[in-house]
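Dear colleague,

Please find below the structure for your files. My notes on one helix pair and on the ligand site follow it.

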Amino acid sequence: MKRGHPWLFSGAIQQAAPGLTPGSLVDLHDGTGQFVARGYYNPRTDIAVRVLAYSENEPMDQAFFERRVTQAAGLRRQLLDADRTDIYRLINAEGDLLPGVIVDNYAGVLVLQSHTAGIDRLLEPLAGALETVMKPQAILLRNDVAVRAREGLAKEEPRLLMGEIPPGLTVQENGLRFGIDPLKGQKTGFFTDQRDKRQALQKYVGRLPAGASLLNCFSYTAGFSVYASQACPTIRTVNIDQSAGALEMARRNFELNGFDPARHVFEATDAFKWLEAARVTAQSYDMVILDPPAFAKSHREKDKALQGYVRLNRLGLPLVKPGGFLLTCSCTGAVSLDEFENGLREAASATGRSLQILEVFENGIDHPVSLTAPEGRYLKVLFCRVL
Ligand code: SAH
């Protein structure tokens, strides 16, 4: 595994040192006893070791994490315009050579998430490094995610590690303003992985005629709809999400950008049921967005996830006007782009529509994927014309 995949499966271990517990730091040696890598161990998981470093004698101290955070911050500084975007993923786990760690930066409020026992044990030097390198207003630990169960870890209440979160935190993405609730918002508060897709959307709606319409299913806080309103001020958006709190923030996001939320529709309901009802009343839209949550947490549930995409796109496609656009997404890591396209083909055929794929996106540039850990490539987004 020299500079190879940063995971070692339990079956590949010939001999483990005695006394190791979930989260122990370990050095990996090959059959000849030569050092290969350093990482952390969990005897409870299929992935027994996640690699943090490939050099010997590299202690996992604050200086180590400062080097990693500096490297990650440098990429974002280089590729994002800080005057227009102050919200981004700072650390994307394996993609930033820190397996098990997610850090999002919301205008100086860092939201940190640990997915593994190994990282739980290294929190102190990690948080110290974030504080030293980033000089944040606050660091919030949000270990309230289900993936922790895989490592035998409980969900935890959000905990402030330093500083204070300003009330009514407002951030900027591509010059547009959004309210964020890092304590209660979904994920860590915002879906920064759609930034480039939100921007791309503007060209699809920018030259639509007056009175055009956009259906935004699984809208969360209406990021896509706010971008659409900037590109096409007369557009009417319909925002569907099961979370009433998200839609309340969505209204506020329209206001924050000088758009009147009264021109738009917000419905807190199940999107599948809403779509079924909309078909009965033969509604149609110039553009439809389908951005559901992940339908599977593991490869075992992949078929279920694929069926979910077929069903959802079957419901969404009939609502697109002929010649209109569909933006359809999958953030299920277990479903590949090919498989997602197969599902879309099935939905198109079942609804008698022809689709032209216009653009394909994956994770954004602040969600880097390690070439050796392609599992990090979870997001697939297709912009299509529907005939
Ligand atoms: N497009 C959004 C992100 C969507 S995340 C953005 O750009 O920010 C998925 C969203 O789906 C979440 O807001 C969640 O509340 C919502 N959701 C999950 N299941 C749902 C369902 N059955 N019906 C409607 N909304 C649902």
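In this predicted model, helix α7 (residues 271–280) and helix α8 (residues 302–316) cross at roughly 35°, and their axes come within 9 Å. Helices here are DSSP runs of H or I with at least four residues, numbered from the N terminus; axes are lines fitted to C-alpha atoms over the stretch in contact, with angles from 0 to 180 degrees between N-to-C directions. The crossing is left-handed, meaning that the near helix is turned anticlockwise from the far one by less than a right angle.

On the α7 side, Phe 272, Leu 275, Glu 276 and Arg 279 meet Gly 308, Arg 311, Leu 312, Arg 314, Leu 315 and Gly 316 of α8 (contact: heavy atoms within 4.5 Å). These residues comprise 4 nonpolar, 2 polar and 4 charged, with Gly counted as polar.

The ligand is surrounded by 15 residues, the closest being Gln 186, Asp 241, Asp 270, Ala 271 and Asp 291 (a heavy atom within 4 Å). By class, this shell holds 6 nonpolar, 5 polar and 4 charged residues.

Polar contacts are pairs of N or O atoms within 3.5 Å. A polar backbone atom of Ala 271 lies 2.8 Å from a ligand nitrogen atom; for Gln 242, the corresponding distance is 3.0 Å. The protein covers 93% of the 580 Å² of accessible area that the ligand has on its own (Shrake-Rupley method, 1.4 Å probe).

Residues are numbered from 1 along each chain as its sequence is written, and side-chain values use heavy atoms, without hydrogens and water. Local features need pLDDT of at least 70 and side-chain atom pairs count only at pLDDT 80 or more, while totals for chains, interfaces and linings use all residues.

Kind regards

Technical notes
Helix = DSSP H or I, 4+ residues; strand = E, 2+ residues; numbered from the N terminus. Polar contact = N/O pair within 3.5 Å; in protein donor to acceptor, adjacent residues only side chain to side chain.
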